[in-house]
Amino acid sequence: MSIESLGACQGASFINGKAYLYGDREVGVIREYVPLQDSLAYTQREVLLTIDGKDVINHPTGIAYNGQGPTFIGNSVRLNKEGTSWKALIYAVDWEGMLKTGTLDGNLDKVIEDDACIQGTRPEYVRYGDKWYVATADYGNRANEVRLYDPEALSRASRTSEEGVLFKKFTCGPWVQNLHWIPEKDILVLIQNQVEGRKWRFTFLDLSKSIDQGREEVLKVVDLDYADELEGFTLLGEGAGALGVTSSRKANAHLMELLWE
């Protein structure tokens, strides 16, 4: 289906029974939808990622929400016209406040430069052992890795390179657009492109084993024969299917079914 008014959709998250799709319209934007059997129903709730009308999170690249710790939104800032130089930022936000007011005004708690990254940031909450962490990953094709940040330390930091922020990291494959954690199976899904900016790939990792050994422990790779740029993926609640989103202007949202072997 075609979901309008997102610009180029950059990802999707399922939070408290709603699907949140985010993109880089004339300003960064998050829109709220109710998943139905064969469609998404727009609730008319929209959050502009602005302060005083000025675009702040212009290229949202991930939402880390768990209902307990701080909520984080990623952003990749283009530093040159050619798109060869980027700056990665993570924003600690008041999620409920944003949904209530519709903007970042009064709801932005902290701006953190993700200078521990190699290329880009895409935050997602995961659990390892008995503790929550914010996982993120790189997009490029060299020295890619998944990193786990301590959420409380992250929410107080100015840079992710500060002592106590980075917990663990492990190497992974290229072109990771987003992350999705499946808690019931301790699986981290790398939402990837097969080549730069094109084609769909889902890599399913054993999260704990990947962290323990310092490199990705791949359970399965699923490549789909779509030519556009896969940007995000989320399960839509237990037994309720899944959603994949792309940056295409049309047919940018795909309802899917994840079949376990």
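Modeller: Two strands pair if DSSP finds at least two bridges between them; strands (E, at least two residues) and helices (H or I, at least four) are DSSP runs, numbered from the N terminus. The model is predicted, so local features need pLDDT of at least 70 and side-chain atom pairs count only at pLDDT 80 or more, while totals for chains, interfaces and linings use all residues. Residues are numbered from 1 along each chain as its sequence is written, and side-chain values use heavy atoms, with hydrogens and water left out.

Strand β20 (residues 242-246) is joined to β21 by 4 bridges, and the two run antiparallel. Across this pairing, glycine 244 stands opposite histidine 254 in β21. Both strands belong to an open sheet of 3 strands in the order β19-β20-β21, with antiparallel pairing. At its edges are β19 (230-235) and β21 (253-256), each with a single partner strand, so one side of each has no neighbour in the sheet.

In one of them, glutamate 46 meets arginine 25, with the closest N and O atoms 2.8 Å apart. Glutamate 46 is in strand β4 (residues 40-48) and arginine 25 in the loop between β2 (18-24) and β3 (28-35), so the bridge ties parts 21 residues apart in sequence. Glutamate 46 is partly exposed at 24% relative accessible area; the scale is buried under 20%, exposed over 50% and partly exposed in between, with a 1.4 Å probe and protein chains only.

Aspartate 138 and arginine 147 form another salt bridge, the closest N and O atoms being 2.8 Å apart. Aspartate 138 has 0% relative accessibility and is buried; arginine 147, at 0%, is buried as well. Glutamate 145 and lysine 169 meet in a salt bridge at 3.9 Å, N to O. Glutamate 145 is in strand β13 (residues 145-149) and lysine 169 in strand β14 (residues 166-171), 24 residues apart. Glutamate 145 is buried at 11%, while lysine 169 is partly exposed at 44%. Elsewhere, shared partners join the salt bridges of Arg25, Glu26, Arg31 and Glu46 into one network.

Rings of Phe, Tyr and Trp (its six-membered ring) pair if their centres lie within 6.5 Å; planes under 30 degrees apart are stacked, over 60 edge-to-face, and the rest tilted. This gives 13 aromatic pairs. Tyrosine 20 and tryptophan 95 are edge-to-face, at 5.1 Å centre to centre with 80° between the planes. That pair spans 75 residues, from strand β2 to helix α1 (residues 95-101), and both tyrosine 20 and tryptophan 95 are buried. Tyrosine 133 and phenylalanine 167 have ring centres 4.3 Å apart and planes at 10°, so they count as stacked. They connect strand β12 (residues 131-137), which holds tyrosine 133, to β14, which holds phenylalanine 167, 34 residues apart. Tyrosine 133 is buried at 6%, whereas phenylalanine 167 is partly exposed at 32%. Ring pairs also link Phe72, Tyr125, Trp132 and Trp181 into a cluster.

Terms used
A salt bridge is a side-chain nitrogen of Lys or Arg within 4 Å of a carboxyl oxygen of Asp or Glu.
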